[in-house]
Amino acid sequence: MNHAQLIIKEYYDVSDGQLVIGKLPITEIVRRHETPFYLYSPEVFRMKIRKVTRALPGFEIYYSVKANPAPDVIQIIMDEGCGLNVATRGELILACKCNCPPGKIILAGAGKTEKELDAGIVTGVCEIHVESIEEIEKLSILAKKHDEKVQVAIRLNPGQVCREGKIVMAEKAAAYGFDEADLGKAAQKIICSENLELCGIHVYFGTQILNKELLLGCYEYAFEMAKQLVSMSGCKLRTIDFSGGFGVPYYSNEKEFAIDEFGQQLGPIIKQVQKHEGLSQARLVIEPGRYLLSEGGLYVTRVIGQKSSYGRQFIIVDGGMHHHLAASGNLGHVIKRNFPIVVANRLVGDKTHKYDITGRQCSALDTLAREVELPTVETGDILVFFQSGAYARSASPLGFRSHPVPPELIAENGTVRLMESQIINDSFQDAPLGSNSKLGEQRNVN
Ligand SMILES: Cc1ncc(COP(=O)(O)O)c(C=O)c1O
């Protein structure tokens with residue numbers, strides 16, 4: 001079974017040789033809505049969220065909004081009891097618009113502006129995670145101005161990270177987080193501010209991590225750093241945040257992240273940590289994005305033409321890299337490999353061919369698959385790219401060449417509907433915070 005077939009078996013249905021999403025065959029969906037579009041299955045999102053909550057019962061999930069900021073998607077995740085991890089003022093406003101209680105929002109992101117920090121305080125988010133001494137200073141002044149006591153966790157730039165399947169023990173210079181050597185200095189700076197309270201530590205190890213042993217090592221390291229922070233600061237911590245990072249298999253050589261075993265192996269380590277006086281009350285936070293959403297999202301395109309060139313067969317679709325930078329291999333991929341792809345209106349054919357799939361950008365970068373094996377493709381066929389629920393639309397240059405921006409659709413229980421998409425523009429950025437915010441009704445954030 002190839003990778004696309006495995007995904008279909010686990011998460012979708014097939015009827016009359018067609019892919020079925022939310023009880024609707026793909027031809028019915030494209031009859032109602034013109035391609036290209038992103039198509040989401042709330043049912044699959046929920047399956048993945050529940051998989052995490054079952055595997056890691058001791059953890060609180062703060063969904064990383066950057067993975068997919070569509071309000072309907074955020075709502076589905078909140079309905080499963082998750083909080084939100086926001087990195088910008090725009091994401092914070094979205095969280096408020098979705099009526100996320102401020103106590104379930106963590107603001108953590110590199111290079112936060114004064115306006116962003118101010119918005120975090122005014123909203124009353126449960127924690128703000130700081131990245132530099134300068135940021136602590138700015139936050140302290142703003143907290144004093146608002147006469148608030150702000151809960152602050154220190155984001156650590158770890159001395160070990162997961163990269164390309166290995167733990168890299170190296171001091172990795174970065175614009176985000178504090179170096180290990182500066183942890184004590186950051187803690188003192190927070191403690192010395194009347195309006196700030198040191199509440200935790202946040203460690204980010206990387207993204208798309210598929211090896212559970214590596215990630216276990218990273219979590220042990222984070223616990224060790226948390227202990228060190230307690231002894232340096234004398235503070236009891238209320239949060240240890242491990243960020244996101246659980247990977248999903250995109251390519252045929254990749255295997256599922258073994259989350260159940262990960263949770264089982266973590267159990268005894270957590271028990272040990274909870275014996276530590278300064279950490280016994282600490283909640284364990286994760287901020288996954290990719291793992292929760294990838295399988296529940298499809299990028300749906302139509303074949304608008306075919307040609308052969310110097311012996312290679314090309315399929316041209318009505319989408320492209322501007323909708324799905326990751327599938328084109330241009331989102332930080334060293335080796336370009338194919339996402340799982342199917343001819344969704346005709347899953348099985350009599351023989352297979354090797355095709356290159358391109359968009360309409362007139363650039364070699366705009367290749368969505370190279371030599372992918374598919375049954376005979378005809379113009380008008382529907383090609384579906386799986387694993388497109390996270391970092392597909394949100395991480396793509398949608399404005400490139402002024403092609404229309406594809407809509408986002410939700411298919412469930414035999415219905416398919418257009419979603420409200422999140423569009424960042426000036427007026428959005430200046431929107432007031434929702435009335436659920438602690439102070440939002442009294443002061444608009446400008
Ligand atoms: C601080 C932080 N938390 C969470 C995430 C989400 O990571 P992932 O989607 O790999 O789970 C990221 C992604 O870059 C991040 O930077």
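**Hairpins, domains and the ligand shell of a predicted chain**

Strands S1 and S2 form a hairpin with two residues between them, and Asp-16 in the turn has a positive phi of about 50°. Helices (H or I, at least four residues) and strands (E, at least two) are DSSP runs numbered from the N terminus, and two strands pair if DSSP finds at least two bridges between them. The model is a predicted one, in which local features need pLDDT of at least 70 and side-chain atom pairs count only at pLDDT 80 or more, whereas totals for chains, interfaces and linings use all residues. Residue numbers start from 1 along each chain as its sequence is written.

Strand S1 (residues 13-15) runs antiparallel to S2 and is joined to S2 by three bridges, with Val-14 standing opposite Leu-19 in S2. On its other pairing, S2 is connected to strand S3 (residues 24-25) by two bridges, again in antiparallel orientation, and the bridge partner of Ile-21 in S3 is Leu-24. A hairpin of S2 and S3 likewise has two residues between the strands, and Gly-22 in this turn adopts a positive phi of about 55°. In a regular strand the side chains alternate between the two faces of the sheet. A residue is classed as buried if 20 or more other C-beta atoms, placed from the backbone, lie within 10 Å of its own, as exposed if 12 or fewer do, and as partly exposed in between.

The chain as a whole contains twelve helices and 23 strands. Its radius of gyration, taken over C-alpha atoms, is 23 Å, close to the 22 Å given for 446 residues by the globule rule (2.2 Å times the number of residues to the power 0.38), so the chain is as compact as a globular protein of that length. The C-alpha trace spans about 70 × 45 × 40 Å along its principal axes. Of the 446 residues, 48% count as buried. Among contacts between residues at least 6 apart in sequence, 72% join residues at least 24 apart, a contact being defined by C-beta atoms, placed from the backbone, that lie within 7 Å.

The domain assignment, which is automatic or taken from a database, gives domain 1 (3-40 + 294-418) and domain 2 (43-290). The centres of the two domains, taken over C-alpha atoms, are separated by 33 Å. Their contact takes 17 residues from domain 1 and 18 residues from domain 2. On the domain 1 side, helix H1 (3-11) and strand S22 (408-412) each supply at least two residues, and S22 gives the most, with three. This side divides into six nonpolar, seven polar and four charged residues. Here Ala, Val, Leu, Ile, Met, Phe, Trp, Tyr, Cys and Pro count as nonpolar, Asp, Glu, Lys and Arg as charged, and the others, Gly among them, as polar.

Around the ligand lie 15 residues, of which Ser-64, Thr-207, Gly-244, Gly-289 and Arg-290 come nearest; a residue belongs to this shell if its C-beta atom, placed from the backbone, is within 6 Å of the molecule. The shell comprises six nonpolar, seven polar and two charged residues.

Glu-287 is placed in the loop between strand S15 (283-286) and helix H11 (290-293). Glu-287 counts as buried because 27 C-beta neighbours lie inside 10 Å. Leaving aside residues up to four places away in sequence, Glu-287 touches Tyr-62, Ser-64, Asn-85, Asp-241, Ser-243 and Gly-244. The C-alpha atoms of Glu-287 and Ile-106 are separated by 9.6 Å, although these residues are 181 residues apart along the chain.

How values were computed:
Two residues are in contact if their C-beta atoms, placed from the backbone, lie within 7 Å.
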